[in-house]
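Work through the exercises below with the sequence and the coordinates at hand. Each task is followed by a solution in steps.

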Protein chains: 2
Amino acid sequence: MRILVVEDEKDMNRIIVKRLVAEGYCADACYDGESACDYICLEEYDGVILDIMLPGMDGFEVLKKVREKGVQTPVLFLTARDSTADVVKGLDLGADDYIVKPFAFQELMARIRVMTRKKADVRENVYRCGALTVDCNAHSVTREEKNIDLSPREFSVLVYLIRNQNIVVTRDQIAANIWDSESESYSNVVDVYIRYLRKKMDDDFSFKMIQTVRGVGYVLRGEL
Amino acid sequence: MRILVVEDEKDMNRIIVKRLVAEGYCADACYDGESACDYICLEEYDGVILDIMLPGMDGFEVLKKVREKGVQTPVLFLTARDSTADVVKGLDLGADDYIVKPFAFQELMARIRVMTRKKADVRENVYRCGALTVDCNAHSVTREEKNIDLSPREFSVLVYLIRNQNIVVTRDQIAANIWDSESESYSNVVDVYIRYLRKKMDDDFSFKMIQTVRGVGYVLRGEL
DNA sequence: TGCGTGGATGAAAAGCTGCTGAGAAAATAT
DNA sequence: ATATTTTCTCAGCAGCTTTTCATCCACGCA
């Protein structure tokens, strides 16, 4: 298990790394946001401990950037600020957990165990596309932190779209994957469900994520 | 719960002890490092409040010594010095938390609660989700400190839900885990038990912890 | 500019799912 | 032995989902 520790206070960083190594992890240190991004994007780490206050690019920006690149490495935020807003922001950006400074090392270690175990636990069941998040475990969907309620069918269609984000899928592909077997008879169910989804997740926003490609099918896109 | 207060200023020590007793703890006082070591090594305490500046052997040395002896009793450092170096040193030696003087008693109490609860949770078999607590040893359930009486089956279902908190579980999953093996025949026992649980733990509250995900199953959630 | 095809939309019927109260059977307590 | 609690089945109903259908709209092409 490789852990990256991003913390600009050298002493603190050294201690955490030392502690991790003692617990049997392989740990690397990193002291600023820019290089953190680069390291994380290598996708060589099983987890990242990320301080929020960093010189230059802060922790939030780092997380946002790597998530936008589709990197799913679990991140544990380290924060001195205790406000709920910060925590919420961090978790919404795709952090897996957070811990408030000052913290107990035992607790930090416990959280890291949880974080890495989760990853070992095979499937990351969360998909992201721009500001849209689809969590197949919680069966929840959010766009810009707003919760979106979907029926089972609607949910299935959206999952199919987000798994193929930025790729145009035909109605037949959607139908084949969700309405099992080849019920060849033409119907416009797919169109109708696209409509339901748009109503719930696109109508309130100026940027429309579900786009029609005339003569072909539909695509789900994050902002360009 | 027994707490040892190690602080050489007699007045301060007396006040902390008094306060702890008022909160229902059993608290002992101790005024120097040497005797602190001896007391802690008895392993009769559930937590220690340890001042760093002590006559003779200081707090760090005390902690180091007892940890070397393998004593894992949780320790909360009390320190006037605010420097990171001290804190890091303390945590690295195996302290669980620290608090800087002057402190608010409320905060001290909160940290002690955390410290002792953590210990209790590991030893016992306790799950938490928001304001809900399920103790598998005592077979007791509380929500916002109000006791909730459950039948054995109801209890099992709730334990299954809380172990999977924030993850949607299907009726089949619940059934498979509680009504042993695959009793094929469809029945709505699970629905009925969910109903019983709701009646006992959700009906009196505005926030409903047991939520239905139509077409999928149920989730137990703390407040969002 | 007008026409045709493909897509969007509203409404309504049909199909389910989950909720609930009642009560029988079984287990447990008195 | 009797009372009480617990477990489980059943059936009806309310409301959400799914699906179909008819109509309307818009884009692209001659």
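The model is predicted, so local features need pLDDT of at least 70 and side-chain atom pairs count only at pLDDT 80 or more, while totals for chains, interfaces and linings use all residues. Residues are numbered from 1 along each chain as its sequence is written, and chains are lettered from A and ligands numbered from 1 in the order in which they are written.

**Exercise 1. Helices α6 and α7 of chain A**

Task: find the crossing angle of α6(A) and α7(A), and list the residues that make the contact.

Solution. Step 1: locate the helices, which are DSSP runs of H or I with at least four residues, numbered from the N terminus (strands are runs of E with at least two). Helix α6 of chain A covers residues 152–163 and helix α7 of chain A covers residues 171–178; their axes come within 10 Å and cross at roughly 125°. Axes here are lines fitted to C-alpha atoms, for helices over the stretch in contact, and angles run from 0 to 180 degrees between N-to-C directions.

Step 1: classify the angle. α6(A) is therefore oblique to α7(A); angles under 35 degrees count as roughly parallel, over 145 as roughly antiparallel, 65 to 115 as roughly perpendicular and the rest as oblique.

Step 2: list the contact, which requires C-beta atoms, placed from the backbone, within 7 Å. A:Ser156, A:Val157 and A:Tyr160 of α6(A) meet A:Ile174, A:Asn177 and A:Ile178 of α7(A). By class, this contact of α6(A) with α7(A) has 4 nonpolar, 2 polar and no charged residues. Ala, Val, Leu, Ile, Met, Phe, Trp, Tyr, Cys and Pro count as nonpolar, Asp, Glu, Lys and Arg as charged, and the others, Gly among them, as polar.

**Exercise 2. Helices α6 and α8 in both chains**

Task: describe how α6 packs on α8 in chain A and in chain B.

Solution. Step 1: in chain A, the axes of α6(A) and α8(A) are 10 Å apart at an angle of about 90°, and the two helices are therefore roughly perpendicular. From α6(A), A:Arg153, A:Glu154, A:Val157 and A:Leu158 meet A:Tyr193, A:Tyr196 and A:Leu197 of α8(A). The residues of this contact of α6(A) with α8(A) are 5 nonpolar, no polar and 2 charged.

Step 1: in chain B, the axes of α6(B) and α8(B) come within 10 Å and cross at roughly 90°, which makes α6(B) roughly perpendicular to α8(B). B:Arg153, B:Glu154, B:Val157 and B:Leu158 in α6(B) meet B:Tyr193, B:Tyr196 and B:Leu197 in α8(B). The contact of α6(B) with α8(B) divides into 5 nonpolar, no polar and 2 charged residues.

**Exercise 3. Sheets of chain A**

Task: give the strand order of the sheet that holds β6 to β9 and of the sheet that holds β10 to β12.

Solution. Step 1: two strands pair if DSSP finds at least two bridges between them. In chain A, 4 strands form an open antiparallel sheet in the order β6-β7-β8-β9. β6 and β9 (146–148) of chain A are at the edges with a single partner strand each, so one side of each has no neighbour in the sheet. The twist averages 20° from one strand to the next.

Step 1: Strand β6 (residues 126–129) and strand β7 (residues 132–135) of chain A are antiparallel over 4 bridges. A:Val126 stands opposite A:Asp135, and A:Tyr127 opposite A:Val134. The hairpin has 2 residues between the strands, and A:Gly130 takes a positive phi near 60°.

Step 2: turn to the other sheet. Its 3 strands follow the order β10-β12-β11 in chain A, again open and antiparallel. Strands β11(A) and β12 (residues 217–220) of chain A pair over 4 bridges, with A:Ile210 opposite A:Leu220.

**Exercise 4. Surfaces near the DNA strands**

Task: which residues come nearest to DNA strand C, and which to DNA strand D?

Solution. Step 1: a residue is near a strand if its C-beta atom, placed from the backbone, lies within 6 Å of it. Of the 17 residues around DNA strand C, the nearest are A:Asp191, A:Arg195, A:Thr212, B:Asp191 and B:Thr212. α8(A) gives the most to this surface near DNA strand C, with 5 residues. The surface near DNA strand C has 4 nonpolar, 6 polar and 7 charged residues.

Step 1: of the 21 residues around DNA strand D, A:Ser151, A:Arg153, A:Ser187, B:Ser151 and B:Arg153 come nearest. The surface near DNA strand D has 8 nonpolar, 7 polar and 6 charged residues.

Terms used:
Two residues are in contact if their C-beta atoms, placed from the backbone, lie within 7 Å.
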